[in-house]
Amino acid sequence: MALNSVVIVGAGQGGFQVAASLRQEGYQGNITLIGDEPGLPYQRPPLSKAYLLGKISATALLFRPKDFYTQQNIELVHDQAVAVDRNNRQVRLASGRTVDYDHLVLAMGAHNRPLSVPGAEAQGVFGIKTKADADALAPLVKEARNVVVVGAGFVGLEFAAVAAANGATVHVLELGDRPMARAVSREMSELFRCAHEGWGVHFDFRQGIGHILTEGGKVCGVETVEGKRLLADLVVYGIGVIPNLQLALEAGLDIDNGITVDSTLLTSDPHISSLGDVAAFPCIHNDQKLLRLESVQNAVDQGRAIAARLVGKPAPYTALPWFWTDQGTLKLQIAGLSNGCDSTVVLGAPESNQLSVLCFRQDQLVAVESCNRPGDHMAARKILARPPRLTPAEAAATGFELKVWEAANRD
Amino acid sequence: MPTLTFIEHSGTTHQVNGEVGQSVMQAATFAMLPGIQGDCGGACSCATCHAYVDEAWMERFPPAEGTEVDMLDNVTERRANSRLSCQLVIAEGMDGLLIHLPASQY
């Protein structure tokens, strides 16, 4: 069947990538890109750091300028998709408009897990997900004197570093016992804890937020579950995200933590694909088990894979996951997935803030976390993408260097 | 508005409009140029915007530092004039800037 109309719901990193890659692949049919935020599609990672610090402009945030969409004949629709009629292959929008599709791509992403404690609706309490969030937050960050960050994940810590750099007193409340516990090894958590403390950030681990204290509708502090009180004129939370599944649920698609897709990113309906934060895909780097990843790399590479399939070049999605976060002067880059890691080998020195942690599972390298050692990260991405696998014994040898091993073990 | 010239590995030439203050990577991706990806959006985190600055233009840019140097260590076919184009900011007087593209970003 000829493909004349591709409709993409969600104009974030993944949805945008599908549209751009379709044109790069030579697809000439209609593309409708539906996004529920105003303005042109933009990148989210700088929102909690470079953009907030004013280091990059709103224009630099854009994936492409306005002309691009006209020149490439991509119809950008500012609306919300409210229903999918799979029998008639039609998407209904909040405005009442309907859009017909030959193929539908669901790229709705995720929304912030809300801070559901008393006082969370007060002025001065923020999550950071959209440009509007960052625009509202930016002027307050400059004035804030006491900042409480809830959650020591990537976004929370990126923001903590920004607030500390602006001279605020920063407290981070975290339910776990270390920073970024879900994402990195103990060794790397420790480096980040020390670095943040050096910038003046205070951590309160194993502490949940009980409620937000307010004065005249504005935040003035927080009280932890244990009753500890902290002053705050600004509270920012980053406690995870929830995939935007409503549309897919109501359409009756298979769901398992995310919209379930096969190895080519096709949902349980052959006319619908899904990708990015909202999709759960069988990951070859996760023993083929379903995995939902929240990352730029995942959205970009999956977007390319879907576009390639739609122009007749299907292939299983096998890209190696990688991640990054920039916090103050630290750049953390992660290649691979460290799930089930049972041993580590450490390269570099934490006191210099240059450290790579090699994560092994059953004597096979599965992930490499690098802080301010980008050369290691680049080598790791090559090593992890293909056999042979590096063993802990090799990595523990005196003078071992990832890039030397990589160069010596190419095909 | 400075015009940039990109020459693909195959020899295909592209003229691209750039803006002062924009990165060479952005000028390339805005123009849908094949061969420059810029997956991380310019955070110097992915090394998918590797390019060769024509020798005649090399000195117009501040030399690579820190993260960029280390990232470049592992790009395919690194040369003396290799740069990550997200770190190259287009300045006044760069009309005619000549950039050569590698065969692959991987």
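User: What distance separates the centres of domain 2 of chain A and domain 3 of chain A?
Analyst: The model is predicted, and its domain limits come from a domain assignment. That assignment places domain 2 at 125-239 and domain 3 at 329-408 of chain A. Taken over C-alpha atoms, the centres of domain 2 of chain A and domain 3 of chain A are separated by 30 Å.

User: How many residues of domain 3 of chain A are in contact with domain 2 of chain A?
Analyst: Domain 2 of chain A contributes eight residues to this contact. By class, that side has five nonpolar, one polar and two charged residues. The number of residues on the side of domain 3 of chain A is eleven.

User: What radius of gyration does chain A have?
Analyst: The C-alpha atoms of chain A fill a box of roughly 65 × 60 × 35 Å along the principal axes. For 411 residues, a compact globule would have a radius of gyration near 22 Å, and chain A agrees with this. The value for chain A is 22 Å.

User: What percentage of the residues of chain A count as buried?
Analyst: The secondary structure of chain A amounts to eleven helices and 27 strands. Among its contacts between residues at least 6 apart in sequence, 61% join residues at least 24 apart. Burial requires 20 or more other C-beta atoms within 10 Å. Of the 411 residues of chain A, the share that counts as buried is 47%.

User: Which helix gives the most to the side of chain A that touches chain B?
Analyst: The contact takes 19 residues from chain A and 14 residues from chain B. On the side of chain A, helix H8 (296-310), strand E23 (322-327), strand E24 (330-336) and helix H9 (374-385) each supply at least two residues. The residues of that side divide into nine nonpolar, five polar and five charged. With five residues, the element that gives the most is H9(A).

User: Which residue of E27(A) is the bridge partner of Ile334(A)?
Analyst: Ile334(A) lies in E24(A), where it stands opposite Phe323(A). E24(A) runs antiparallel to E23(A), with six bridges, and antiparallel to strand E27 (residues 364-371) of chain A, with five bridges. In E27(A), the bridge partner of Ile334(A) is Glu369(A).

User: Which residue in the turn between E23(A) and E24(A) has a positive phi?
Analyst: E23(A) and E24(A) form a hairpin with two residues between them. The turn residue with a positive phi, about 55°, is Gly328(A).

User: How many of the twelve residues of H5(A) are buried?
Analyst: Helix H5 (residues 154-165) of chain A reaches 17 Å from its first C-alpha to its last, close to the 16 Å expected at 1.5 Å a residue. Its buried residues include Phe154(A), Leu157(A), Phe159(A) and Val162(A). H5(A) is largely enclosed by the rest of the structure, because the count of buried residues among its twelve is eleven.

User: Which helix is among the elements that cover the buried residues of H1(A)?
Analyst: Nine of the twelve residues of H1(A) are buried, so this helix is largely enclosed by the rest of the structure. Among the buried ones are Phe16(A), Val18(A) and Leu22(A). The cover includes strands E1 (5-9), E2 (30-35), E3 (74-78) and E7 (103-106) of chain A. The helix among the covering elements is H8 of chain A.

User: Which residue just after H1(A) takes a positive phi?
Analyst: Helix H1 (residues 13-24) of chain A spans 16 Å from its first C-alpha to its last, close to the 16 Å expected. Just after H1(A) comes a glycine with a positive phi of about 95°, Gly26(A).

User: Is Arg89(A) buried or partly exposed?
Analyst: Arg89(A) is found in the loop between strand E4 (81-85) and strand E5 (90-93) of chain A. Its phi is positive, about 45°, although it is not a glycine. With 18 C-beta neighbours inside 10 Å, Arg89(A) counts as partly exposed.

User: Is Asn372(A) buried or exposed?
Analyst: Asn372(A) is found in the loop between E27 and H9 of chain A. Its phi is near 50°, a positive value in a residue other than glycine. With 21 other C-beta atoms within 10 Å, Asn372(A) is buried.

How values were computed:
Residues numbered from 1 in each chain as written. Chains lettered and ligands numbered in written order. Predicted model: local features only at pLDDT ≥ 70, side-chain atom pairs only at ≥ 80, totals over all residues. Helix = DSSP H or I, 4+ residues; strand = E, 2+ residues; numbered from the N terminus. Expected span 1.5 Å × (residues − 1). Contact = placed C-beta atoms within 7 Å. Nonpolar A, V, L, I, M, F, W, Y, C, P; charged D, E, K, R; others polar. Rg over C-alpha atoms; globule rule 2.2 N^0.38 Å. Pairing = 2+ DSSP bridges.
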